[in-house]
Amino acid sequence: MSAKKVAFYTLGCKLNFSETSTIARSFENEGFQRVEFEEAADIYVINTCSVTENADKRFKTIVKQAQRANEDAFLIAVGCYAQLKPEELAAVEGVDLVLGATEKFKITDYLNDLTKNDHGEVHSCEINEADFYVGSYSIGDRTRAFLKVQDGCDYKCTYCTIPLARGISRSDRLENVLQNASEISEQGIKEIVLTGVNIGDYGKGEFGNKKHEHTFLELVQALDEVEGIERLRISSIEPNLLKNETIDFVASSKTFVPHFHIPLQSGSDDMLKRMRRRYLSDLYVDRVNKIKAVMPNACIGVDVIVGFPGETDEHFLETYNFLQELDISYLHVFTYSERDNTPAAEMDGVVALKVRKKRSKMLRGLSAKKRRAFYESQMGNTATVLFEGENKSGYIHGFTENYVKVKAPWNPKLVNTLKKVNLTKIDEDGLVRFEMLQEELV
């Protein structure tokens, strides 16, 4: 009898991708054959996200896509949205099983009966039971892996559902992280991206308690010593948890690259207080200045939310001008959307949707200018590019250590190699061209 086929679809963040990959390996260990989501499969697993309203809507579209490939397939929803609104997902036509935060890693235990259900069956815990840690890492894209080091969050930002969906802050044990990093490097993967919900909080809950056994700095110092890893990249880290010692260490590190992604959310202190962020704009400026002082070519990405309740035109312009003055490289712009069971959803000063969209468009325009200016500042520099595995319209793409995206005519021999290049010009599509400086690095 041929093996049953399973396919996966991931919505949302790098952390979700690392967890999907781990869940997929548990299926493979049970003898399932993994196939692409577009193909006919016996089981489809959709890993959901709850950060934006859009992710909720996309879920239904993806369910329909699975049903087109095989209308008799067994459909499973896991992830953040599955924890927050399990009954809502269970009611979507075609969904058979919904698993919450703790159940998703035991998914294969629920597969005794793959008979289609009239209504989705729900297995989800109270979120305060999500107090144990499950390590994950993604392997799929050969050039880069996402390594989960931390989960959950103890912060109470007024707009955020993540603590409701993922529970308290807890960390992987340092020895496990190092073991996972070694396993990844043995697969020939050149770059590891550290991921989690609040990775700067690493160490908390490492042994099931609240005290920190290790700090984030100790984590990066230990990872820097792992054999066989060419590059380590820190994903998103809160500005109040990104310490000077960590920045200095990255500047002198063997493997950590000069790229930081630091959520800001607003350049207005009034808004930061309404959001219950744990810093004000001055601290953010200090972080950026410190990074640029020790790594002048560092790439700095910024998360920002527009249209938060109470954000006046003056507050928005404060944010716009703050970002315009700041030596940053690009923005991730989020248009605020109300989420159930968050304090922000009850706040007065609701911003009209068309105003939110206009502000979002203005910041996206600023992001394009910032990225262009950053790329221009890199022209003539020598850099190392890690080339990706996909042929996109006859071109191969790659990223420098400081996250400049480059392109060249497709050459399969470049895939998953690191090459020394000289950055020469910005193409009409905004990507960077280069001259190869040496044939083979790795």
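Reader: What makes strand β16 "mostly covered"?

Author: Five of the six residues of β16 (395-400) are buried. Buried means under 20% relative accessible area, exposed over 50%, partly exposed in between (1.4 Å probe, protein chains only). The strand itself is a DSSP run (E, at least two residues; helices are H or I, at least four), numbered from the N terminus. The model is predicted: local features need pLDDT of at least 70, side-chain atom pairs count only at pLDDT 80 or more, and totals for chains, interfaces and linings use all residues. Residues are numbered from 1 along each chain as its sequence is written, and side-chain values use heavy atoms, without hydrogens and water.

Reader: How do you know that β15 and β16 pair?

Author: Two strands pair if DSSP finds at least two bridges between them. Strand β15 (residues 382-387) and β16 have three bridges, in the antiparallel sense, so the pair meets the definition.

Reader: What makes β16 and β17 a pair?

Author: Five bridges join β16 to β17 (residues 405-409), and the two run antiparallel. G398 has V406 in β17 as its bridge partner. The hairpin of these strands has four residues between them. There, Y403 takes a positive phi near 70°.

Reader: Why are β12 and β14 said to stand at the edges of their sheet?

Author: The open sheet has three strands in the order β12-β13-β14, with parallel pairing. β12 (259-265) and β14 (330-335) each have a single partner strand, so one side of each lacks a neighbour in the sheet. The twist averages 20° from one strand to the next. Axes are lines fitted to C-alpha atoms (for helices, over the stretch in contact), and angles run from 0 to 180 degrees between N-to-C directions.

Reader: How do you know that β12 and β13 pair?

Author: β12 and β13 (residues 299-306) share six bridges in the parallel sense. H261 has G301 in β13 as its bridge partner.

Reader: Why does the radius of gyration agree with a compact globule?

Author: The radius is taken over C-alpha atoms, and the globule rule is 2.2 Å times the number of residues to the power 0.38. For 442 residues that puts a compact globule near 22 Å; the protein chain has 22 Å, so the two agree. The C-alpha atoms fill a box of roughly 60 × 55 × 45 Å along the principal axes.

Reader: What share of contacts joins residues at least 24 apart?

Author: The share is 72%, among contacts between residues at least 6 apart in sequence. Contact means heavy atoms within 4.5 Å. Of the 442 residues of the protein chain, 54% count as buried.
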